[in-house]
Amino acid sequence: MGFDPPFFSILIPAYNISQYIEECINSVRSQTYSQWEAIIVDDGSTDGTGELCDQFQKEDGRIRVLHQKNQGVAVARNVLLKEARGEYLIFLDGDDFWYSEKMLFEVQEAIRVRNADMVAWWLKTLDNETEVSKENRNFIKEYKECPTGKRFLKDMLSEGRNCWWSWLYAFHRSLWENCDTVFKPGRIICEDEEVLYRIFLQAQRVWVIGKYYYAYRTKRGDSATGILSVQGICSRLEVAEGNIRYLQESETVEEELKRALIRNFSFTWMNIGENIYRLEESRRECIRLLKNKKWMVHNLWGYGAVKIRMKTILIYICGVKLGLWILWIWGKWKRKTLQ
């Protein structure tokens, strides 16, 4: 008798999230659609996460758990991709969860009816301190027909600055295999940003389900994405620069889309700069890093939003240090007036 692979592989990296992992796994196990496998990579947890995952594996044969020494989320994601047996791949972070128990059924229906090789949905950010949720479409709009991945990217970037979250999509496994793309080992943040746009470029038929399926926890103090540090800033700038260089040398990405992607990645500089005065330590070193990458600011001249153009002009007139300080004070004043 031949092996019948699951339709979906749910790919879950987990590291020291014992207080969240049960809600995550239960949101998968409660799905009305049952043709799935969930693979969990315990990345050297020390808080009991691994033991909890082993218990889930004993309770449900569709769950597989792999343990490894701590190597970071990028390595964990690569292991998950290698181990996946499903036709479609869905990432789910172990400290997040799905809102709807019908999610997999509805995604499967969209794939069947629309013949989509990629399906997208929306999220709600969940404040970990207040438990208040906020709807976020990440500039993903609904369509009446299936656009290509290139058009999907172009439309998304024309609306605003995209956040590269891998868990907002179901991917046909061939998109990863044909692209021969993996997450860069050692990357502590922005590992998605380094690869996702290349996956999107491969997609021929994308379908968007206009529902808020995903719960993304914010303000987790121990989360890598929640820490503004020299290491994190270096990593973010390195990813942005690598993507820009790749696109500048690419002969396959059309010019309009190439410019939009370069602007999107260049905005990383401004995003870091506007928050640089939150740093209590190493601020001088981080400002030096931004000065060395000031060339990214030039790429923002064509940005559609007027406020981005004004911020860019301010940086050129006042310089990096003074310009970012003015933006910081302005931002603090605006936040105070909105309270």
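**Helices H8 and H9**

Q: Hi! Which residues of H8 meet H9 here?
A: In this predicted model, Ile-233, Arg-236, Leu-237, Ala-240, Asn-243, Ile-244, Leu-247 and Gln-248 of H8 are in contact with H9. On the H9 side, the partners are Lys-258, Leu-261, Ile-262, Phe-265, Ser-266, Thr-268, Trp-269, Asn-271 and Ile-272.

Q: Nice. At what angle do the axes of H8 and H9 cross?
A: Roughly 160°, and the axes come within 9 Å. Angles over 145 degrees count as roughly antiparallel, so H8 and H9 are roughly antiparallel to each other.

Q: And is that crossing left-handed or right-handed?
A: The crossing of H8 and H9 is left-handed.

Q: What span should H8 have, at 1.5 Å a residue?
A: H8 covers residues 230-249, so its 20 residues should span 28 Å. The end C-alpha atoms are 28 Å apart, which agrees.

Q: Which H8 residues are buried?
A: Among them are Val-230, Gly-232, Ser-235, Val-239 and Glu-241. Arg-236 and Asn-243, both in contact with H9, are buried too.

Q: What covers the buried residues of H8?
A: The cover includes H9, along with helices H7 (196-200), H10 (283-292) and H11 (295-298).

Q: Switching topic: how many residues has the largest nonpolar core?
A: It has 111 residues, and Phe-8, Ile-10, Phe-152 and Tyr-169 have the most contacts inside it. Helix H9 (residues 255-273) gives the most to this core, with 9 residues.

Q: What is Phe-8 in contact with, leaving aside its neighbours within four places in sequence?
A: Its contacts include Tyr-33, Trp-36, Tyr-88, Ile-90, Leu-104, Val-107 and Ile-111. Gln-35, Glu-37, Gly-86 and Gln-108 are also in contact with Phe-8.

Technical notes: Residues numbered from 1 in each chain as written. Predicted model: local features only at pLDDT ≥ 70, side-chain atom pairs only at ≥ 80, totals over all residues. Heavy atoms only, no water. Core = buried A, V, L, I, M, F, W, Y, C linked by side-chain atoms within 4.5 Å. Buried < 20%, exposed > 50% of the residue type's maximum accessible area, 1.4 Å probe, protein only. Helix = DSSP H or I, 4+ residues; strand = E, 2+ residues; numbered from the N terminus. Contact = heavy atoms within 4.5 Å. Expected span 1.5 Å × (residues − 1). Axes fitted to C-alpha atoms, helices over the stretch in contact; angles between N-to-C directions. Parallel < 35°, antiparallel > 145°, perpendicular 65-115°, else oblique. Left-handed = near helix turned anticlockwise from the far one by under 90°.
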